[in-house]
Amino acid sequence: MIIRFREGTYGVLADISKAFLRIEVDEADRDFCRFLFFTNPDMQGVQVFCFKVVLFGATCSPYLLNQTIEHHLETYEHPLATKLKSAIYVDNLQLTYDHIHEITVERPQIEQILSHANMPLGQWTSNSSIEGFEHNGVRDYLGLRWDTEQDTLGVAMPNQFKEAFDQPLLFRTKRKILSLFSSLYDPAGFLAPITLRGKFFIQNLWKGKERWDTPLNRDSIQTLTTILNNYRNLDTLQFPRNAHSGSHHTLHAFYDASQRGFGGAAYTV
């Protein structure tokens with residue numbers, strides 16, 4: 001989805017409003033969706049209720065939503081229905097265009113298609129200046145951050161790292177370090193040349209058979225501090241969303257192979 005979103009001059013995002021709550025649970029299955037509710041603030045007296053709609057947070061909820069939308073699009077007779085099947089991830093809609101007029105033509109058609117399934121779209125965002133779209137700010141996009149004004153993608157810095165920069169000794173056990181480095185979400189691998197160092201550090205902790213909650217020695221803490229300094233400004237790095245601008249394209253690959261990471265391969269495409 002992220003690679004596909006890096007095509008086209010203009011990116012467009014929208015969300016299905018309260019998507020899970022728009023799918024009704026069959027009446028025969030509602031007894032499996034029971035929950036308890038206290039009748040007063042003193043937590044005395046209990047009433048039993050059942051969810052009538054798909055609840056947010058259930059393991060099966062994303063699957064049910066996906067199948068509902070897919071069934072609707074497969075049975076809906078419109079040329080755009082097929083396009084939308086590959087443009088929706090959970091309750092997020094993403095599309096890219098090369099011309100602004102394509103956006104103005106397709107948006108009302110898309111809204112109509114999904115409204116027939118009681119799936120209204122909101123929070124329309126684009127890097128274009130079309131009226132009716134948010135286009136001056138930063139929006140969360142599948143765990144990344146999209147600056148619509150600059151049309152760039154970046155990685156959000158978790159609060160754990162902000163705390164670790166100031167007090168690295170709080171993260172001096174294998175358990176804490178694993179949690180710390182796992183909290184950085186970079187599915188596209190934008191930061192791989194840097195974040196690979198943290199993975200190597202964790203690998204060495206395993207090789208050294210460090211116990212989960214035993215504090216690390218002074219040398220390991222010093223190494224951790226050095227690695228954290230390399231992470232300090234990662235959230236300031238921005239990458240162009242549109243990876244196809246201009247007539248000359250190059251593909252840069254960074255990969256982890258053999259005993260250590262190897263990279264620097266570039267191919268003209």
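Which residues does Thr152 touch, not counting residues up to four places away in sequence?

Reply: Some ground rules before the close-up. This is a predicted model, so local features need pLDDT of at least 70 and side-chain atom pairs count only at pLDDT 80 or more, while totals for chains, interfaces and linings use all residues. Residues are numbered from 1 along each chain as its sequence is written, and side-chain values use heavy atoms, with hydrogens and water left out.

Now to your residue. Leaving aside residues up to four places away in sequence, Thr152 touches Arg145, Trp146, Asp147, Gln238, Phe239, Pro240 and Arg241; touching here means a contact, that is, heavy atoms within 4.5 Å. One of those partners, Gln238, also has a polar contact of 2.9 Å with Thr152, side chain to side chain. A polar contact is a pair of N or O atoms within 3.5 Å; within protein, one must be able to donate a hydrogen and the other to accept it, and residues adjacent in sequence count only if both atoms are side-chain atoms.

Where does Thr152 sit? You'll find Thr152 in strand S9, residues 152-155. Strands (E, at least two residues) and helices (H or I, at least four) are DSSP runs, numbered from the N terminus. Thr152 is buried, at a relative accessible area of 12%. The cut-offs are under 20% for buried, over 50% for exposed and partly exposed in between, using a 1.4 Å probe and protein chains only.

Step back to Asp151 and you're in the loop between strand S8 (144-147) and S9. Asp151 is buried too, at 13%, and has a phi near 55 degrees, a positive value in a residue other than glycine. Gln123 also has a positive phi near 55 degrees, but Gln123 lies in strand S6 (residues 121-126) and is exposed, with 52% relative accessibility.

The C-alpha atoms fill a box of roughly 70 × 60 × 35 Å along the principal axes. Across the 269 residues, 35% count as buried, and Thr152 is buried as well.
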